[in-house]
There are 4 protein chains.
Amino acid sequence: MNSRESNVPRARWRARLHEIIFEADTPAGKMFDVILIWVIVLSVFTVMLESVRSLREAHGDILRTIEWGFTLLFTVEYIIRLVCVQKAWRYATSFFGIVDLVAILPTYLSLFLPGGQALLSVRALRLLRVFRVLKLAHHVKEAGVLMRALRAARYKFTVFISAVLTLVVILGSLIYLVEGSPNGFTSIPRSIYWAIVTVTTVGYGDIAPQTNVGQFLAAIAMLLGYAIIAVPTGIVTVELDRASRLEVSTQVCRHCSREGHDADAAHCKFCGAKL
Amino acid sequence: MNSRESNVPRARWRARLHEIIFEADTPAGKMFDVILIWVIVLSVFTVMLESVRSLREAHGDILRTIEWGFTLLFTVEYIIRLVCVQKAWRYATSFFGIVDLVAILPTYLSLFLPGGQALLSVRALRLLRVFRVLKLAHHVKEAGVLMRALRAARYKFTVFISAVLTLVVILGSLIYLVEGSPNGFTSIPRSIYWAIVTVTTVGYGDIAPQTNVGQFLAAIAMLLGYAIIAVPTGIVTVELDRASRLEVSTQVCRHCSREGHDADAAHCKFCGAKL
Amino acid sequence: MNSRESNVPRARWRARLHEIIFEADTPAGKMFDVILIWVIVLSVFTVMLESVRSLREAHGDILRTIEWGFTLLFTVEYIIRLVCVQKAWRYATSFFGIVDLVAILPTYLSLFLPGGQALLSVRALRLLRVFRVLKLAHHVKEAGVLMRALRAARYKFTVFISAVLTLVVILGSLIYLVEGSPNGFTSIPRSIYWAIVTVTTVGYGDIAPQTNVGQFLAAIAMLLGYAIIAVPTGIVTVELDRASRLEVSTQVCRHCSREGHDADAAHCKFCGAKL
Amino acid sequence: MNSRESNVPRARWRARLHEIIFEADTPAGKMFDVILIWVIVLSVFTVMLESVRSLREAHGDILRTIEWGFTLLFTVEYIIRLVCVQKAWRYATSFFGIVDLVAILPTYLSLFLPGGQALLSVRALRLLRVFRVLKLAHHVKEAGVLMRALRAARYKFTVFISAVLTLVVILGSLIYLVEGSPNGFTSIPRSIYWAIVTVTTVGYGDIAPQTNVGQFLAAIAMLLGYAIIAVPTGIVTVELDRASRLEVSTQVCRHCSREGHDADAAHCKFCGAKL
């Protein structure tokens, strides 16, 4: 609370702007967020359409004009954010501050850089704007429950991902020995790529085992992948169940002001006072 | 109840017809629904078979005759529905009213329209009849539990789908930069299509990364998709668990006021009092 | 209990045989089952190996000899079963009775039938033996919990499968209109096949949309399939959770002798007696 | 405890070494483990890179030098482990003891063996080092919960895997009869491979049914695979839920003797007594 308070600038209009742009409690703040999301989605669509050759050749001028419009809009928004925040530098170096900056730079750079592939790569950075959609999350209470569940599950997830990575390294090495270069398994990293494609049940089919032993190994990899998908699912379900229960019982102890009591609790579990 | 009651026409036979056609409480109403489902399924099969060139050429006349039979049947049903409902317009503009109409129109239109692709497109609308199978749902108590669970999960689902869409836009843009047009990633929308194919673990293989960096990115996309499938699963499981509990236990012991009794319980499991 | 008792023949040795072959309570009965499973697995392997052309051509004689050995063994087993069961006809017409018979017939038929495709088809029936592995289930207590959970979930599963079938019919029809014959979507049934391949996230890639609209539709189908997999998972998890809880509390009421009490129950939920 | 105590050698420095290398309670022991994991990961990466032809040809000397460095390091580690453990033979014949030995042997063998495929196969054994990453698990409390859940689920898993194997044998045999050799289903084992690819929703597309009946069968296989993935997921979720509950609440209130308290509870949530 305190750090946020200190971010509010003293000047009246700066405080008002800050409230609209950075917060979502007032009707104006909510409307600003909704409009912003729509502008971001439209701008992302424009960048997508521009990447389609036929559309670029037919309507290139219109698309470029729209894109400049969006860029100027986002530039104005970025400057206002810098101005109305008290600690401009802290915002500028935060994750969303960097995203906001990187998303407008490419259009300006296109003025100085020559065309071609290099420019193309830089221009695609504009799509980072889509990350800002995630800011929407704090409007939805349910996002909090999901985030809490995923955060609680992070150690179990790390263990699971480590086990999967170990598994695909072993499976990839084995298939590399069994199948070898002629069948598309040209190196261990590529064989590990195949193992990931198989264990996650994606199954492109761009590389597939040809020998009997290789297909037997592939069958085991598939059954393993099919079965172990149950593990992350179980982890998230259990944590989500717990997070949902916490969500249900929002009672706060009147004595020690602490939350997190079970729904069937009659006494505070921290100080023992009656709830 | 009241709005339904008011829909029942005053005339005796209209009330009777309404009971049979729109409700499922009487044996006649139940039988009507079962017969209707079978007629719909058979009619859908006829349309399917007609789309197979070899069958159309060999047995076109028979299939067309059967189709006309079904169409006349559904036309009669549609008219009866309009007649026996009190507020015909409300039914005609409801979702199932429109489906009922759109499903019979194409056959009549085929009398006036010339053959070819245009007609083909229109004729396929007859398959919308399959939607009417969903009406069956209100016969099955379990459908209610499922629907309640999915409705309770809708906000969490929206958050999840937003996060997935953001993810595939970012992944699609990155792979577009890394692989480029020569390897099939001709535009950002097509690259996002690839990202969806990969993250959902469908994995057609019609577009697949060729470069090392692209395959590394694809591997990350697969592992992400493999892991985050756990999130919707967790959401539905938790909500279904809650909806099932509500279904089972709504009775409270009159003696000790405790809940959580099974549906088949005759005595309170805590104090032994009769429920 | 009674019906089982009456199946035991009066003759001493027939009763003993029945105990060994049909029951699994005695050490001899258990050992018989374990040996039988191994013989079935080996026999299934022999049939599999015989289907490989290179092995059939190189070791055909040995494989055929082994196969005759297994067939004679199973024939003896089948006759003994018929003899030692009191109601032979009831066994002969039961599911496993028919499987037992059908699994030995093809080898005898090969004596009378000429070779070629017809024989091949008949011979593959021997693989039905693998069904008998399922008899093993009654040795494992956990199989009971699984079966009870799946049985409890069957109505919800039916609703889910109906919804999925409706969905793939609609998706298949739409893609048929959008893509049409030139891109491999030659008929509505084939397009529905594609829709099933996509919604279940199998994704062969033998038929894949080529147009922009088709790929957009495919992307929606994938996301739907990715999300609704959560529904059967949730259904099974909730039912399994309930079945497992029942499994835990195995206390029987001393008053009314009924089971199925919750773990936290202090009184019988049927008659109210103290547990 | 006792058996572990007896493993600690009497000599001071051996005891100290044992503490650092085999245990993770002291800061030195923890740091040793972290460094070891990193060295293993780096060594695994080196072996992977060496398998890429272009890298091997360009930087073969450097890679081989690094590899020798790692091998000497692991050799020293192996000898120290043998020395500081009291029962050297028990360690040498344990799973991780064998992994530790097998992971260093190939590099030495390359001195005596001629090059080519045989050597390649042997060298890949160095990748077994990746198994040692799993030793990390005992640092993470969550790994214990996961392991306990999976161990509790093992019988149910066996039943499930048996049912899936039975299913793919039947499906594979049926598709072999329906499609036959010309469409890629050259033998029953290969057809079973296809069935596994399909039921697990991997869907390579290297073998795919061409006939109508075959595609109908494939559609059923897909829907079955799509639905039964729910079973292992349900199993793991239920067991994980139980394991997590055990982890959280083992304390009982001394006043009212009730359980189910959270791990951070200081007072009984039912009667308010201090725990």
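Reader: How many helices and strands are in chain A?
Author: The secondary structure of chain A comes to 13 helices and 0 strands. Both are DSSP runs numbered from the N terminus: helices are H or I with at least four residues, strands are E with at least two. This is a predicted model, where local features need pLDDT of at least 70, side-chain atom pairs count only at pLDDT 80 or more, and totals for chains, interfaces and linings use all residues. Residues are numbered from 1 along each chain as its sequence is written, chains are lettered from A and ligands numbered from 1 in the order written, and side-chain values use heavy atoms, leaving out hydrogens and water.

Reader: What share of chain A is buried?
Author: Of its 275 residues, 48% count as buried, meaning under 20% relative accessible area with a 1.4 Å probe, protein chains only.

Reader: And which residues of H3(A) are buried?
Author: Among them are A:Gly29, A:Asp33, A:Leu36 and A:Glu50.

Reader: ok, chain B. How much area do chain A and chain B bury between them?
Author: About 3800 Å², 74% of it on carbon and sulfur atoms. Buried area is the accessible area (1.4 Å probe) that two parts lose on being put together, summed over both.

Reader: Which helix gives the most to the side of chain A that touches chain B?
Author: H13(A), with 10 residues.

Reader: How many salt bridges are there between chain A and chain B?
Author: The count is 0, where a salt bridge needs a side-chain nitrogen of Lys or Arg within 4 Å of a carboxyl oxygen of Asp or Glu.

Key. Buried means under 20% relative accessible area, exposed over 50%, partly exposed in between (1.4 Å probe, protein chains only).
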